[in-house]
Structure formats: structure tokens, C-alpha cells
Amino acid sequence: MVEASTSSIYGTEHEAFRETLRRFLERELTPNIEAWEREGLIARSFWRRAGELGLIAPGMPEEYGGPGGDFVHQLIVSEELGRCAAGASAGVALESGLPAFHILNFGTEEQKRLYLPKVCSGEIILTVAMTEPHCGSDLQAITTTAVRDGDDYIINGSKIYISGGINADLALVAAKTDARAGAKGISVFLVESAREGYVRGRNLHKMGMKAGDTAELFFKDLRMPASSLLGAPGAGFAVLMKELPKERLTIAARALGAAELAFSLTLAFVKERKAFGQRIFDFQNSQFVLAEMHTEIAYGRAFYDDCVARVLRGEKVIVAAHGNSLRALIMVLERLSPKEIVSREIATGVPLIYRLNADSTVAEKKDLAA
Ligand SMILES: Cc1cc2nc3c(=O)[nH]c(=O)nc-3n(C[C@H](O)[C@H](O)[C@H](O)COP(=O)(O)OP(=O)(O)OC[C@H]3O[C@@H](n4cnc5c(N)ncnc54)[C@H](O)[C@@H]3O)c2cc1C
């Protein structure tokens, strides 16, 4: 097993936090996840319990209701999600605190005090609504509009693939306030889902991560006061991009956790399973393959640690760690599931994480380790 604790980025307080988190996941996630996967939704009580332990936005300062940890605590949440069955599904809950940092960075004092403590406690479920049916990567191309009307803005448009869109109470909605200004014409609004004109669409069927709801949202003449703008009008692109390197690192953290889990399950399996009168582990080829996997994961972790250290020092990192850690995961899973087609999408990591975390159920994993 490649142990996270060998890494230099964690202090003793981080390891204590990891233990609390592991116990929480064993107690609150593992027994429930199969039912939630079937239902396509995680129970709201999961957020509340996570909030009680300071797991939703662990890096949030105490003055805004958080536990006052740091970004490494957030990474530990993602790593541990990678290490447990259907952890990627549960990311919709335990990583839902990430957008709260947009509010911390750009919110008015009133907005911060109004929303952040409730996001941290799990009372308010937060999401980000950027993607639209015709555009995702190209955020500039959104067509949701927010048109000024006196002291208000009227929002019209639709969003798709919104994580937590069914459960969310509060959405950071990207909308065009100036259609001619390109990226500088995008603004972000803090929109409560209880508002008239905010309509939830379908909870979309996915190949994995089924408990993590991914939904459509529609805005029909949704009237929002100008005070609901997050940051200045036209600053939406900057608001959403500021935390991107950190968000990318959480994906790397989850991939790395999943790769480490896959490796440890494989090791346990090959040490138990016998063929042709000996343990699979004892075949020389198995040891070559395992050594290669271990090396890939270890160098993925070393590179990841370096990227984390740089981000913590405030350096701008082009997060190649994302790709690098995923490479370790891809390699391990390719070997675990040779029949799977390794498509271009797999290079993005998402379907792999689906497969490991969601489609490999708790029961299947037990079989593998047994
Ligand atoms: C499970 C899940 C949860 C999500 N949650 C959210 C959420 O909470 N909020 C939200 O706003 N969105 C969410 N999304 C949407 C996600 O952010 C988009 O899927 C993503 O931005 C890509 O957009 P797209 O799917 O429209 O693909 P497109 O942008 O249409 O891209 C299609 C393909 O073209 C490629 N491509 C695009 N641009 C380039 C380029 N310049 N050069 C080369 N290739 C390119 C892409 O890599 C992709 O393979 C979620 C998606 C999923 C699957």
C-alpha cells in the first residue's frame, strides 16, 4: 500500500483530521451509499453530519463558521473520497464547500456572513451553475442573460450537468450581463433555489457517480437584486477562475487516493488467490506489474506533493499534477480491467473515477479483496 502519510505535506493535525474523516465515511457513507446510488441522491442529513465535524469546507476561517483549517485539509477530503467506494458520488456533498471560497474571495461582508456559516454547517447546499446545453469548456459562449431592471437583474436561461442541482439551496449562477464584452461580460449571481423563476429540471442519468445528483436548471424571469452579484458586474470569469488550480488539485487528490486504493486491493487479492498451485503474487510477471504500478503511483504522489507545496506557497501552478496523478490511476485500472476500452474520455479521468468509485460497489470490492 502506498501510504499518504509518507508524504511531506501533512502535519499531525492533518492526520488526525484524516482519521476523523475515515471514521465518518465508514459510519455515514459506506452503509448508505448503495441505497443512495439507487435513488440517485444523497440524503441531506449527510451534509448536516459532515458539517457538524467541519468536513464540508475545512479550510474556511472560523470567523465565517468554518473549522479554520487549510487547503491540505480539503485535499485530504478528496483523497479519502478516492479511497472509498462511490467516493466520487459523495464528492457532490463533501466537495460542495469548494465554491464557498468564491464567496470568501469576492463576497461582500454581508454575503459572507449570510451564507458561509450555513454552507459550512451543511444547512445550505451550494453549487455552481456555469455549463449550458450548448457549451461547457467555452464559458464565454453562455447564453443565460441577466438584464438590468432598476435595482434588479432579470435572469433567463438554462444550465445542465449541475452537480448537486437537485439538492442545492444556493447556486452561483454565471450569466451574461453584457453580451458584447466576451469574458468580461459574464457575472456571477448568488441565487437561492427558493426564488420564483428558479426551476429544477431532470436529475440526469449517468453511467456512474449515481448518488451525486447532476441536474438541469432553468431560470424563467428570475428576478435578483443587484446585491446578489458576487463581485463586480463583468467579473464573473475572474471569480470562477481564481480557485481553479486548487479545484484541479482536489481532482488529482481523488485520483491518487483511488489509485492507491486500487493498488492495495489488488495486492491483497493476488496474495490470496492461487492458480497453478501458487499465489498469483508469486508469479514473476505479477511482481513486475505490481512494481511498475507502485512506481507510477509513487511518482504521481511525489509530483502531486510538489504541486501542493507550490500552491500553498502561493505560486501559480499549471496543475499538471491533475494529469500526472490520473496517469497513475489510469495505469492501475488498465491493468485491473484489461477488457475496458481506454478511450480518450478516460484521459480526463472522469469515467475512470466513475468505474472505480461508483461502478465498483462495496460488495465487489470486498470480493476483490477476499
Ligand atoms: C458529473 C459532472 C458534473 C458536473 N458538474 C458541473 C457543475 O456543478 N457545474 C457546472 O457548471 N458544470 C458541471 N459539469 C459540466 C462540466 O464542467 C462540463 O462538462 C465541462 O466544462 C466540459 O464541457 P462540455 O461537456 O460542454 O464539453 P465541450 O466544451 O463541448 O467539449 C467537448 C469536447 O471538446 C473538447 N474541447 C473543448 N475545447 C477544446 C479546445 N479548446 N481544444 C481541444 N479540445 C477541446 C473537450 O475536451 C471535450 O472532449 C459537470 C459535468 C459532469 C460530467
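**Exercises on a predicted model**

Of the 95 residues in the largest nonpolar core, those touching the most other members are Ala 100, Val 173 and Phe 189. Helix α9 (residues 244–272) gives the largest share of this core, twelve residues. Such a core is a set of buried Ala, Val, Leu, Ile, Met, Phe, Trp, Tyr and Cys residues joined through C-beta atoms within 7 Å. The model is predicted: local features need pLDDT of at least 70 and side-chain atom pairs count only at pLDDT 80 or more, while totals for chains, interfaces and linings use all residues. Residues are numbered from 1 along each chain as its sequence is written.

**Exercise 1. Which residues is Val 173 in contact with, leaving aside neighbours within four places in sequence?**

Step 1. Contact requires that the C-beta atoms of two residues, placed from the backbone, lie within 7 Å.

Step 2. With that rule, Val 173 is in contact with Ala 129, Ile 155, Val 188, Phe 189 and Val 191, leaving aside neighbours within four places in sequence.

**Exercise 2. Is Gly 54 buried or exposed?**

Step 1. Locate the residue: Gly 54 lies in the loop between α3 (44–52) and α4 (71–82). Helices (H or I, at least four residues) and strands (E, at least two) are DSSP runs, numbered from the N terminus.

Step 2. Apply the cut-offs: 20 or more other C-beta atoms within 10 Å of a residue's own make it buried, 12 or fewer exposed, and anything in between partly exposed, with C-beta atoms placed from the backbone.

Step 3. Gly 54 is buried because it has 22 C-beta neighbours inside 10 Å.

Step 4. Not counting residues up to four places away in sequence, Gly 54 touches Gly 66 and Pro 67. Pro 67 is 13 residues from Gly 54 along the chain, and their C-alpha atoms are separated by 5.6 Å.

**Exercise 3. How are α4 and α5 oriented to each other?**

Step 1. Two packed helices are described by the angle between their axes and the distance between the axes. Axes are lines fitted to C-alpha atoms, for helices over the stretch in contact, and angles run from 0 to 180 degrees between N-to-C directions.

Step 2. The axes of α4 and α5 (residues 87–94) come within 8 Å and cross at roughly 150 degrees.

Step 3. Angles under 35 degrees count as roughly parallel, over 145 as roughly antiparallel, 65 to 115 as roughly perpendicular and the rest as oblique. α4 and α5 are therefore roughly antiparallel.

Step 4. The contact is made by Val 77, Leu 81 and Gly 82 of α4 with Gly 87, Ala 88, Ala 90, Gly 91 and Leu 94 of α5.

**Exercise 4. How are α4 and α9 oriented to each other?**

Step 1. The axes of α4 and α9 are 7 Å apart, at an angle of about 40 degrees.

Step 2. By the same cut-offs, α4 and α9 are therefore oblique.

Step 3. Residues of α4 in this contact include Phe 71, Gln 74 and Leu 75, and those of α9 include Lys 246, Leu 249 and Thr 250.

**Exercise 5. Where is Met 209 found, and what is its phi near?**

Step 1. Met 209 is in the loop between β6 (198–203) and β7 (214–225).

Step 2. Most residues other than glycine have a negative phi. Phi of Met 209 is positive, near 50 degrees.

Step 3. Met 209 counts as buried, with 25 C-beta neighbours inside 10 Å.
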